[in-house]
Amino acid sequence: QQVFAPVVDVNNNADNPVINVRSYGENPADVARFAIAFTEGLQAGGVLATAKHFPGHGDTNVDSHRGLPVINVSRERLEKTELAPFRDLIKAGVGSVMISHISLPQIDATAVRPLKQAVKASYTESEVITEGTTTPATLSSSVIQDILQKDLNFDGLIVTDAMDMSGLTLYFDQEEAAVRALLAGNDILLKPANADAALRGLKAAVKTGRIGVERLNQSARKQLAWKHHLGLDKNKITSLEVIDRVVSNNETRRLTTEIAENAMTLVKNEENLLPLSPATDKRIFFLVVTNSENPNSSGTAFLRVLRQSLQNPANIDFGVIGENTLAPEVARIVERMKRSDLVITGLYGRVRSGARNSVGLPDTGARVLRDLLQGDKPVVNISFGNPYLLKNFPQMKTYVVAYGDMASLQRAAVRAVLGEIEFRGRLPITIAPDAPRGTGIQTRIKN
């Protein structure tokens, strides 16, 4: 009955490797507006919302699944940007807040150093050691008690980000992390790397008096109160059989389609390639470049709808380049692309928490894309994920942002590219000097 959303981070750092499209944008007021609507929808349906990642994970260039990010800014700057949407959301009645593993030297200057024998985090295959880090917000009473509870007047449930992320495990063992998290003000210690170790640490701290029994009872009472509020004292079990009827019915699918079709954003159309005609006799190559762990699944929805929508579907060829695509296959794709009249690129730089290449395109695919853009062949580029790709490929003359790889967004992208629906979206972030927040070419369907 608790959802760990909405993301209330203000994504004002284009190099952020983990927030990106998880954020509502770079403007605090916009983030607050959407987050409040999301929260009210959840909580009106009897589900507890959780605003995250307090005090703000937007202005980082380190993924806290891999290391401890540092946001070295003043309280005044935090108040203006990062804290603003949290403050509005708390006033609107959000029931829970999640604390992030982020170092804030100007808020809590207590230094921390990596352990000699750190527990390897479950989220990542490689970790990032950051110099000059200070106590993570998750373990800081200055962040939780002084700012969140006292200054922002929050009295709801406080939950840590996952305790098995490298932002924590690099610097604290699970026994000590659990004790410090509780003392700092957290009520729920989420996903310890070793639950038995966390419990051992808490029991030992209670036994020695480091943690008072009343402190435990305080968090227990808050959890019980929320469980009662959500009706869990009467109905503890959710029926798996009814979930789809509740959250994936015809009404929600219609809403999903409406949101997707209004989101399509045409950032550049310098060659007036869009919209394409469904009756075109051009040979089209659909090139998928993806950082997905399952590359062959990327682009399937777009390709299927494109074939259904074109009058000459036999004119469509496609190829997929992932992180492990072998050189001979890449060469075959490049040769087949040469025989096309038009290339549509589906760029699936999706957010992958903990991954080394968390929002970027694989190197091989990026090279193929760069060579393609330097040629004479017309190219329609569609980002099904990281919208900032234009920053790395400024030579793109046609650029569409779809914001994600969900099937609804891929279907909407086909309809917009073929002129069946209008491009109505506007960028919620700045992705290039010539593409600031608010950019979006608005198209009209020709009768």
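These notes cover the overall fold of the protein and the setting of threonine 439.

1. The model is predicted: local features need pLDDT of at least 70, side-chain atom pairs count only at pLDDT 80 or more, and totals for chains, interfaces and linings use all residues. Numbering runs from 1 along each chain as its sequence is written, and side-chain values use heavy atoms, without hydrogens and water.

2. The protein has 15 helices and 10 strands (DSSP runs, H or I of at least four residues for helices and E of at least two for strands, numbered from the N terminus). Its radius of gyration is 24 Å, close to the 22 Å from the globule rule for 447 residues, so the protein is as compact as a globular protein of that length. The radius is taken over C-alpha atoms, and the rule is 2.2 Å times the number of residues to the power 0.38. The C-alpha trace spans about 80 × 45 × 45 Å along its principal axes.

3. Of the 447 residues, 52% are buried (under 20% relative accessible area, 1.4 Å probe, protein chains only). Among contacts (heavy atoms within 4.5 Å) with a separation of 6 or more, 78% join residues 24 or more positions apart.

4. Threonine 439 lies in the segment after helix 15 (407-417). Threonine 439 counts as buried because its relative accessibility is 15%. Its side chain reaches the backbone oxygen of proline 436 at 2.7 Å, where a polar contact is a pair of N or O atoms within 3.5 Å, one able to donate a hydrogen and the other to accept it, and residues adjacent in sequence count only if both atoms are side-chain atoms.

5. Beyond its neighbours within four places in sequence, threonine 439 is in contact with Thr265, Val267, Gly425, Arg426 and Leu427.

How values were computed
Buried means under 20% relative accessible area, exposed over 50%, partly exposed in between (1.4 Å probe, protein chains only).
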